[in-house]
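Welcome! Here is a short tour of one protein chain. Please take a moment to look it over before reading on.

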Amino acid sequence: MTDHYRGSSHPVLDLPDDPPSDLLAEMDAIADDLRANPLHVAADDAIAFRQLVNRRRPYLTPAQFQDLFGEWRERYAAKVEAAGAAELARLDALRRRNPPGGPFVCVCGEAGDPSDPAWAAIHQPHVMLTGLDKLVK
Ligand SMILES: [Zn+2]
């Protein structure tokens, strides 16, 4: 992950000379990085996209820029929505596996108290590494 803010209140991109072949995919990765920073606001996407296009496709007209930015925004919104749906499905599976009042069951099958630091130290890596969605399918 790259910190595109580097002490500034808005993103200042430091792009590699060798661009990835897909501009929109490059912007997806930048947008993911931007969202990891608490300074991110929605307007930063346009700032970052302008910097990216100025570097990769400086010949675009303003209309072409707007079309491309619109295309990227729709595509990224769909990606975020799909990721949110996958996360909800993962949480739902976790909820079904651990009904209210029942013991917490680790993905390895052992029941225990996740608020017990000793138990959590052993089993938290199981949950993180396994990816419950893969087990539930
Ligand atoms: Zn476990």
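## Helix 1 and its partners

Let us start with packing: the buried residues of helix 1 pack against helix 2 (43-56) and helix 3 (62-97). Packing here rests on contacts, where two residues are in contact if their C-beta atoms, placed from the backbone, lie within 7 Å. A residue is called buried if 20 or more other C-beta atoms lie within 10 Å of its own, exposed if 12 or fewer, and partly exposed in between. Helices (H or I, at least four residues) and strands (E, at least two) are DSSP runs, numbered from the N terminus.

Which residues of helix 1 are buried? They are Met27, Ile30, Ala31 and Leu34. These residues sit on the same side of helix 1, because they cover an arc of only 105° around the axis; the arc is that of the directions from the helix axis to the C-beta atoms. An α-helix has 3.6 residues a turn, so residues three or four places apart point the same way. Helix 1 itself covers residues 23-35, which is 13 residues. From first C-alpha to last, helix 1 reaches 18 Å, close to the 18 Å expected at 1.5 Å a residue, where the expected span is 1.5 Å times one less than the number of residues.

## About the model

This is a predicted model: local features need pLDDT of at least 70, side-chain atom pairs count only at pLDDT 80 or more, and totals for chains, interfaces and linings use all residues. Residues are numbered from 1 along each chain as its sequence is written.

## The chain as a whole

The chain holds five helices and two strands, in the order α-α-α-β-β-α-α from the N terminus on. Its radius of gyration, taken over C-alpha atoms, is 21 Å. A compact globule of 137 residues would have one near 14 Å, by the rule of 2.2 Å times the number of residues to the power 0.38. Along the principal axes, the C-alpha atoms fill a box of roughly 60 × 30 × 25 Å. Buried residues make up 10% of the 137 residues.

An automatic or database domain assignment divides the chain into domain 1 (1-97) and domain 2 (100-137). The C-alpha centres of domain 1 and domain 2 lie 33 Å apart.

## A look at Leu39

Leu39 lies in the loop between helix 1 and helix 2. With 14 other C-beta atoms within 10 Å, Leu39 is partly exposed. Neighbours within four places in sequence aside, Leu39 is in contact with Tyr5 and Ser9.
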